[in-house]
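I opened this model to look around and kept short notes. Here is what I looked up, entry by entry.

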Amino acid sequence: MTVPAEAAAEPAPQGVPASRAVSLPRASAEPRASLVLVLLCAAVLVPRVIVFPFGENFYGDAVVRTELASRWLERPHWIASMDDGAYQFGPLHLYAVAAALATGLVKEDAGRWVSLLFGVLTAFPLFALTRRLFGWQAGVAAVLGLAVWGLHIQMSTTAGSEALGLFLVLWVLDLFSKGVEENRFGSLLGSAAVLNLACAVRYDSWLLMPLLVVLLLVGDRDRIAAVTRAIAFALVTLPFPLVWMQGNERARGNSFAPMLYIESFHKAWIQDGVARWTNAGYRAQNLVFWPAVALLTLSPLLAYFGMRGMVHIFRTDKKHRWLVWTSLAPAAYFTFRSAVLLNFVPLARFTVNQVALVLPFVLPGFDAALAGRSARTRRGWALATALLAVATPLVMTAVTLHGQDGLAKSLRPVTPLSSNPPQVMQVAEYLRTDVLQNGGAAVLDSDPEYLDLQIAFFSGLPEERLARQRWENFRERVASAKPDTLVRREGGGLDREADLRVEGPTLFFAGQVFREVPGFERPWHVYRR
């Protein structure tokens, strides 16, 4: 197609590098932003709506978060610390899930609807941020990449906090870019205000507070203006962190009690990782974890062009270098902790904010990598990138749909379709149909991998009819609920109870005799009194 001379000579939009405008001339004016956003939101929504009916809460503490939100809704109150019902989680997501529950949505799906809503809305700040820095075509490419990002599809269809957290982080960066690019002080303060909300959802967002302040300090040659903006920004980011730290100081004697509680889990995970991979092998794995997640979940070509764009912008476009730092600095921090200090275990869901920031750089990277190539070559690479980006989540879903071991087990945390192990759902379904509907009660064993939480959640049994070995009131609940069903896990907590004895298909516990119900897969066993 021949590009008109006036289109080819059209100057680059404000904030778009000249190299970007030259390498991809525009044959027509930018379409209406509202129309583009509607179409992009539809592109993000479609794959998530397809997955939603089949997805299940499993990763991202989705079940626990929903349970805590349900408890809060029974007795609404201000969550001032982790002891007020939030535990190690940020309180804002619990409020959001509780609001969804208050509308009458079923507990299994309430948090998932919250994630779906904010997962789709993420298209708005991502497009706005990318368009302002690199042009509307780069914004379209970024959101289309988001639409087929398998990990984000999973996050948008389960009740974890990542979808809401990412939406808020991108909103923060969109307002920040507006303040920096257009010299708008109000937008910077708005960015700082929204950062409070992001910090109230996930603790990894706290890193943005000092990082963005430093970027403001070094990003302007006018030192007075730079210091003024940085101080104002810092002050507006402080309200929630200070209130939350004060609440935890009063409740636990330590302002960072939630973070210390989370780190106790990481210490145990590190021991498991070293035992499995050796010390050197585990460090090497953690060293490449962030780029590996990007290559695996975004698809190799999409991630490559995004990373290529980050390198290109960092080298040639100093004005927009701050966005590269926003992605690289947290990734470098967590990589140092996990690979050098060995006091942090990276999980795929922890990389979400940094991997998402690869997407704005996809089109600049595509242009830089294929500069000087023919139009036919560029179309071929564009088609290959699009096909691979669509194929990647489809292949992951096919591999993990019925597989439970080997490669399937490794890919399950990042597959678009989140599901529970079949043997776990088999037990939960039995409790739902044979115990709940018949007015019965059950004893539930504790599982080292916390799968008992999944069974309890999907069984639908209310707390007063469920004696959980994991809870401190276990013995009291056994006495009050008078359970007629017992769920035992081989090697679980019940095996350490002094009055439990198993003799073939017969189980003796708490002065009662139970007989095993056949048909359940090990390590789970179900018994009836």
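I am working with a predicted model, where local features need pLDDT of at least 70, side-chain atom pairs count only at pLDDT 80 or more, and totals for chains, interfaces and linings use all residues. Residues are numbered from 1 along each chain as its sequence is written, and side-chain values use heavy atoms, with hydrogens and water left out.

**Helix 25.** I looked up helix 25, residues 451-459. Helices are DSSP runs of H or I with at least four residues, strands are runs of E with at least two, and both are numbered from the N terminus. Is helix 25 enclosed or open? Nine of its nine residues are buried, so helix 25 is largely enclosed by the rest of the structure. Buried means under 20% relative accessible area, exposed means over 50%, and partly exposed lies in between (1.4 Å probe, protein chains only). Among the buried residues I noted Asp452, Gln454, Phe457 and Phe458. The cover over them includes helix 4, helix 6, helix 24 (422-436), strand 1 (442-444), strand 2 (466-468) and strand 7. After helix 25 comes Gly460, with a positive phi near 80°.

**Helix 3 and helix 6.** Two packed helices are described by the angle between their axes and the distance between the axes. I checked helix 3 (residues 33-51) against helix 6 (residues 107-121): their axes come within 9 Å and cross at roughly 145°. The axes are lines fitted to C-alpha atoms, for helices over the stretch in contact, and angles run from 0 to 180 degrees between N-to-C directions. Which residues meet here? Cys41, Val44, Leu45 and Arg48 of helix 3 meet Leu116, Gly119 and Val120 of helix 6. Contact means heavy atoms within 4.5 Å.

**Two buried residues.** I picked Leu94 in helix 5 (residues 91-102). Leu94 is buried, at 2% relative accessible area. Beyond residues up to four places away in sequence, Leu94 touches Arg65, Leu68, Ala69, Ile79, Gly85 and Ala86.

Next I took Gln354, in helix 20 (residues 352-356). Gln354 is also buried, at 9%. Trp290 is 64 residues away in sequence, yet 8.1 Å away in space, C-alpha to C-alpha. Setting aside neighbours within four places, Gln354 contacts Trp290, Ser327, Pro330 and Ala331.

**Loops.** Asp61 has a positive phi near 55° without being glycine. Asp61 sits in the loop between helix 3 and helix 4 (62-74), and is partly exposed at 40%. Lys482 also has a positive phi, near 50°. Its loop joins helix 26 (474-481) to strand 3 (485-489), and Lys482 is exposed at 57%. Where is Pro523? Pro523 is in the loop between strand 6 (512-517) and strand 7 (524-528). The peptide bond from Arg522 to Pro523 is cis, with omega near 10°.

**Surface.** My last entry is a nonpolar surface patch of about 670 Å², whose residues include Val214, Leu217, Ile231 and Leu242. Helix 12 (208-218) and helix 13 (223-237) each give two or more residues to the patch. Patch residues have over 30% relative accessible area and no salt bridge; nonpolar side chains (Val, Leu, Ile, Met, Phe, Trp, Tyr) are joined within 5 Å, like charges within 9 Å. A salt bridge is a side-chain nitrogen of Lys or Arg within 4 Å of a carboxyl oxygen of Asp or Glu. Areas come from the Shrake-Rupley method with a 1.4 Å probe, and for residues only the protein chains shown count as cover. Val214, in helix 12, is partly exposed at 44%.
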